[in-house]
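This note concerns the aromatic side chains and the charged groups placed against them. The points below are set out for discussion.

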Amino acid sequence: TSAESYTMLDSVALGHQSLWNAEGERVGWLLALKPRAGLPSHASLPGGEHLLRHLAQQLDGCSLPVLLDIDSPALLSLVLEQAVAPPADQLLELIVPQKVWASDHGATLLAAAHDRGLRLVASTPAGQEPPAAVASHMWRTFYRLTEHDKHDPLPIASPSAPGPAGDDDAPGGRSLYGGVTLRAKAEQLLHGPQTWALAGWPTLDILKTSQHRTLQPMRRSVELALQALHDEVPIEALAYGITQDPLLSLRLLTHANSAALNLRDGVGTIHRAVMIIGHNALTEWLTNQLPHASVDPMLRPTMADVALRARLMKQLLDAGGEQELRRELQLCGLFSDIDVMLGQPMSGVLARLPLSDRIDSALLSKDGPYYAALETARALGTLDLSRIEAITHRHGLLTGDVNRALLRTLVQPVGMLMGG
């Protein structure tokens, strides 16, 4: 990493949300960025051209579009004035808020930035369309819901609305919605003809509306695990795949520690469970999960977000060569919302499993060696950059290290399961 890049990632706070389509597949990332408060005098923000170039370097290999939301008018203006489009295979897009595109100066900047090949995204309050002159410079439109919109019927972008630039080569719609907190609203918007994705996901409402029934592992997770067994993939890859679904992981660990198997020693990781149960018995057990497994696409992002938090924890807390510690970290992140998913106290869920004291400390007592990584990873999955800064500082973590861990996680291919 160059000195310039090091300085840039040390000088900004980052947070993210996933972008989801109607099938519950992750189709992109929203990356929020702002200069850190109280930067030391030796730290300097790069110019707009450098900022995009360094981010593009860090995101090299990322297969999904990254929509950059810069929470600093001065820095955003610099980027619009100076930045040139990253290489075609780096899918970086720049969000432009209404207060910029609605001003005369901003409109001039937009036209020039568009001419230099930047992909621009118009951010606007839900229900308000950017004027045609602005829309012609835009790659997408990002509608942000307010408290008022969250419950009321909302006009969905229609096929007749002025389209963003380059509509002919757009896959599906070009509209993006943020701030959606209700399942019903998410379903309404996702099935609009111009909708590409939602930024973030109404997880709490989805779990609340699911509480009348026991949540089940995703059918896709079970099918992919069975396929992996059939293809005889290495145990490490199979276990990693299973850990992309927290409910399937919990159920497998519970089974591995049940009286039915009558094992002398407790089984505390998915890797060990897969090894001990064995190919044929695991195939039979997974097949028995299929009839009850969930096919609700609205649950997939909830599972995939928790799995992402687990992967981010592994990046944040370098366990060195300790494979077993990395597996523990993965489980700690994976089970961090299991109480909400099941509607049960965390202590009751964990009491049935022989997990390490380090996991119990993080999830029950909010302390111990894994808690800093857990709290930081949870915060990084939001756009609350001030809170992310405060948590990073409280745990004595270096901002640059945290940012690199986040960007590495976004670039990392997920592997075999969940499409998320």
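How many aromatic pairs does a search of the whole structure find? The search finds two. The model is a predicted one, and the points below should be read accordingly.

1. The pair of Trp-20 and Trp-201. The ring centres of Trp-20 and Trp-201 are 6.3 Å apart and the planes meet at 65°, so this pair is classed as edge-to-face; the cut-off for that class is an angle over 60 degrees. Trp-20 belongs to strand S1 (residues 12-20), whereas Trp-201 is in the loop between strand S8 (195-199) and helix H8 (203-209). The pair therefore ties together parts that are 181 residues apart in sequence. Both Trp-20 and Trp-201 are buried.

2. The pair of Tyr-143 and Tyr-177. These two rings are stacked, with 5.2 Å from centre to centre and 25° between the planes. Tyr-143 is part of strand S6 (residues 140-144) and Tyr-177 of strand S7 (residues 175-178), so parts that are 34 residues apart in sequence are tied together by the pair.

3. Burial of the tyrosines. Tyr-143 has a relative accessible area of 3% and is buried. Tyr-177 likewise counts as buried, at 1% relative accessibility. The cut-off applied here is under 20% relative accessible area.

4. Charges over Trp-139. Which residues lie over the face of Trp-139? Arg-119 lies over this face at 3.7 Å from the ring centre. Arg-174 also lies over the face of Trp-139, at 3.7 Å from the ring centre.

How values were computed:
Residues numbered from 1 in each chain as written. Predicted model: local features only at pLDDT ≥ 70, side-chain atom pairs only at ≥ 80, totals over all residues. Heavy atoms only, no water. Phe/Tyr/Trp six-rings, centres within 6.5 Å; stacked < 30°, edge-to-face > 60°. Helix = DSSP H or I, 4+ residues; strand = E, 2+ residues; numbered from the N terminus. Buried < 20%, exposed > 50% of the residue type's maximum accessible area, 1.4 Å probe, protein only. Lys NZ or Arg CZ within 6 Å of the ring centre and 35° of its normal.
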